[in-house]
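I'd like to walk you through one structure, so let me put it on the screen.

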Amino acid sequence: AETFQSWFQKRTPKVSAGPKVLLWPDTFNNYFFPETSKAAVEVLEAAGYRVQVPQGHVCCGRPLYDYGFLGMAKQYLERNLEVLRPHVAAGTPVVVLEPSCCSVFRDELNGLMPERADAHRVMENTFTLSEFFEKKANYSPPKLRREAIIQGHCHHKAIMRMDEEEQVLRKMGVDYKLLTSGCCGMAGSFGYEADKYDVSVACGERD
């Protein structure tokens, strides 16, 4: 009913001074699960950061890679660089909640544009939320003493790893188990296609 970007534009920031951080409004958390991005704003502000969010439709173009539309994907990345360039030039870290989108900025972006200095700067300046807290912010998370089962996203485990996530969970006092199999069977839009249903279920149930 209301996108995360719309919600963010109407709200009054709770932090008016301090370091800035750019929160990327990925498609999933902007249009489908805005409560996830709202929670990220809450915790980033609790850590003392001024949160900024790009306005207008932005997309990493992840589904385009899966089907080989590299030319179109590069056009998306050009638009993203236009959006991100001033923030990265100012030294503002970029936090991306959705691992598949984060991995585009950390992997495909530099792979498609290896000669571009601005692409390399975006790659080096993009973080998952846990990476940001462990590598850039001086933040002590609140305690959450409960049990949890953690499934690492495929792109997350392959590109960013799960080290910082585990560090944050330990600091919070969470008694967690990280599943050895990280594949849910969706594989981007692959698992949504009817003829891939059996393969998708087999991947998800593999371990």
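Predicted model: local features only at pLDDT ≥ 70, side-chain atom pairs only at ≥ 80, totals over all residues.

I'll talk about the aromatic rings and then about a pair of helices.

Let's start with the rings. A pair of aromatic rings is described by the distance of the centres and the angle of the planes. Here the count comes to six aromatic pairs. One of them joins F4 and F8, with 6.0 Å from centre to centre and 45 degrees between the planes, so this pair is tilted rather than stacked or edge-to-face. Both residues belong to helix 1, which spans residues 4-10, and they sit four residues apart, about one turn of the helix.

F8 comes in at 13%, and F8 is buried because the cut-off is under 20%.

Elsewhere, ring pairs link Y49, F132, F133 and Y139 into a cluster. There is also a charge to point out: R79 lies over the face of Y76, 4.5 Å from the ring centre.

Now for the helices. How do helix 5 and helix 6 pack? Helix 5 covers residues 70-89 and helix 6 covers residues 99-112; their axes are 11 Å apart, at an angle of about 115 degrees. That makes the two helices roughly perpendicular, and their crossing is left-handed. On the helix 5 side, the contact is made by L70, K74, L77, N80, L81 and L84. Helix 6 contributes V104, F105, L109 and L112.

Methods. Residues numbered from 1 in each chain as written. Heavy atoms only, no water. Phe/Tyr/Trp six-rings, centres within 6.5 Å; stacked < 30°, edge-to-face > 60°. Buried < 20%, exposed > 50% of the residue type's maximum accessible area, 1.4 Å probe, protein only. Lys NZ or Arg CZ within 6 Å of the ring centre and 35° of its normal. Axes fitted to C-alpha atoms, helices over the stretch in contact; angles between N-to-C directions. Parallel < 35°, antiparallel > 145°, perpendicular 65-115°, else oblique. Left-handed = near helix turned anticlockwise from the far one by under 90°. Contact = heavy atoms within 4.5 Å.
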